[in-house]
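Visitor: I would like to learn how to read pockets, helix packing and cavities in a model. Could you take me through them one at a time?

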Amino acid sequence: MTDFSQSLALIVAEEILTVAGLILLLAAAWLGDKASRGISIAAVATFAACAAFAIPTLAGGLMGPDRIAFMGQYNADAFSAFAKLLIYLSAAVTLMVAPRFLDQYGAMRAEFPVLVLFAVLGMNLMVSAGDFLTLYIGLELNSLSAYVLASFLRTDERSAEAGLKYFVLGALASGIILFGMSLTYGFTGSTDFSAVRLAMTGQIGIGAIFGLVFVLAGLAFKISAVPFHMWTPDVYEGAPTPVTTFFATAPKVAALALTMRVALGAFGGQVGAWQQIVIFVALASIVVGALGAIGQANIKRLLAFSSINNIGFLLIGLAAATPEGASAMLVYLAIYVAMSIAGFTVVLMLRDVDGRPVEAIADLAGLSSVRPAMAWALLAVMFSLAGIPPLFGFWGKFVVFQAAVDANMIALAAIGIAASVIGAFYYIKVVKIAFFDEPSGRIAAERGALSHQIILLLACLFISPLGYVLTPWLGAMADRAALALFFVG
């Protein structure tokens, strides 16, 4: 009973999300869509309450047997706390920017914040998973909410198509993961990450390797890494822009954190078996993401390929398979979330004279003469995504490459640096169109909502050179989280 009580004490955040989700679901059913804003505010308050429990865990670098619940199925350590804070932030921003966009289509439903809340609950389980069963439950809870969110604009064919594609390919990925889990269980005798790691120490059979490969392949789909990236541009373009903002941040953080926990935890005894796969996927994602973005005419599709490109850089840290590499990934991830929030907030604020969203890159021509502040914000986002100093995006790439060099993977770092030059082309192309082309006359001069302006300002300040002031603090938090990930009880 004592152990059960301790376990319940460690999952307070999940309990809060569950109870709040059920209450808000009932409120949505009873009060209808007129209560959507109130339910959104309550959901944001719920995320803030959950963050209050994650902050002490991260600040204290908590790890070890005392942070493990339900006999190893759940880890309430500093690593999961770091990921959860980014997830809560991303979800809260989504709920803040969504009403104005959805109201334009008469599509702001009371179910929207409830779906986001249950998706976050699934992500919490993903990043804290200590067992393949917990992993799968969290993954499916998040995915089922995400499929509905992608197709939330029922009057838009693109949204319906995005939801259908995401559902079909997501189901395929879930099947791949489930098959890999069954193979892993069959050849190791357990679904517990610690037991799997112990069973996979030393020489392992071909069956266990197949299980490892299938699990990582399914997770590669969830993080939209090459060659499992095909769904990303279509879903990012077709989904409502606030939902795309959500997909580019919170689920990305959860999937990457889960991939790190599985690769470095459950499969940590067989680094040699998956390291070469991760290196290939990293370099392929960098190149395909960069080349795929060059010919894009839609800003959301361009940001989708940018996401694939950035996943490649993040996976370089995973390929290092060291605490320094994991810490670098977390630093990069925090910066990437800020860049994505800023980028999609700019997209949300771009409107034509009739108030309709503007997504065509050609329509951004002359943005600097119509909305100069917006043009400079776009410049900061694009140059930061490209890793051009002195913007903070450069620091994310720098720490990842440094971790690769420290792990004696100098060739990987060199190829990654060279490939990043390709990506700079399409980022600079967008800036050139916004600053040097003749005005298209499509962009309206009106300012966006105050909430959008505040979010964009804070995100731009973070990715600006001022962000370097936070590097000691951010690095220390990432180091603590990475150490928890490498703890072997």
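Guide: The model is predicted. Let us start with the pocket: helix 4 gives the most to the lining of the largest pocket, with seven residues.

Visitor: What volume does the largest pocket have, and which residues are the closest to its centre?

Guide: Its volume is about 590 Å³. The lining counts 22 residues, and Leu85, Leu86, Leu89, Phe462 and Trp473 are the closest to the centre. Two or more lining residues come from each of helix 3 (36–59), helix 4 (78–104), helix 14 (323–349), helix 19 (450–463) and helix 20 (471–485).

Visitor: How does the lining of the largest pocket divide by class?

Guide: There are 22 nonpolar residues, with no polar and no charged ones.

Visitor: Next, helix packing. What describes two packed helices?

Guide: The angle between their axes and the distance between the axes. In this structure, helix 16 (residues 372–386) and helix 18 (residues 410–436) pack at about 170°, and their axes are 9 Å apart. An angle over 145 degrees counts as roughly antiparallel, and these two helices are therefore roughly antiparallel to each other.

Visitor: Which residues of helix 16 and helix 18 meet?

Guide: From helix 16 come Ala375, Trp376, Leu378, Leu379, Met382, Phe383, Leu385 and Ala386. They meet Ala424, Tyr427, Ile428, Val430, Val431, Ala434 and Phe435 in helix 18. By class, this contact has 15 nonpolar, no polar and no charged residues.

Visitor: How many salt bridges does the structure hold?

Guide: Twelve. One of them joins Arg37 and Asp103, with the closest N and O atoms 2.6 Å apart. Arg37 belongs to helix 3 and Asp103 to helix 4, so this pair ties together parts 66 residues apart in sequence.

Visitor: Finally, how many cavities of 30 Å³ or more are there?

Guide: Three. The largest cavity holds about 130 Å³ of space. Among the residues lining the largest cavity are Asn142, Ser143, Lys222 and Lys252. Helix 11 supplies the largest share of this lining, four residues. By class, the lining has eight nonpolar, two polar and two charged residues.

Visitor: What lies around the second largest cavity?

Guide: The volume of the second largest cavity is about 70 Å³. It is lined by 13 residues, of which Leu303, Tyr336, Ser340, Phe344 and Leu385 are the closest to its centre. Helix 14 gives the largest share of this lining, five residues. The classes here are eight nonpolar, five polar and no charged.

Technical notes:
Residues are numbered from 1 along each chain as its sequence is written. This is a predicted model: local features need pLDDT of at least 70, side-chain atom pairs count only at pLDDT 80 or more; totals for chains, interfaces and linings use all residues. Side-chain values use heavy atoms; hydrogens and water are left out. On a 1 Å grid over the protein atoms alone, a cavity is a set of points where a 1.4 Å probe fits but cannot get out, and a pocket is an open set with protein on both sides within 12 Å along at least five of seven lines; lining residues have an atom within 4 Å of a point. Grid points are joined across faces, edges and corners, and a volume is the space filled by probe spheres set on the points. Ala, Val, Leu, Ile, Met, Phe, Trp, Tyr, Cys and Pro count as nonpolar, Asp, Glu, Lys and Arg as charged, and the others, Gly among them, as polar. Axes are lines fitted to C-alpha atoms, for helices over the stretch in contact, and angles run from 0 to 180 degrees between N-to-C directions. Angles under 35 degrees count as roughly parallel, over 145 as roughly antiparallel, 65 to 115 as roughly perpendicular and the rest as oblique. Contact means heavy atoms within 4.5 Å. A salt bridge is a side-chain nitrogen of Lys or Arg within 4 Å of a carboxyl oxygen of Asp or Glu.
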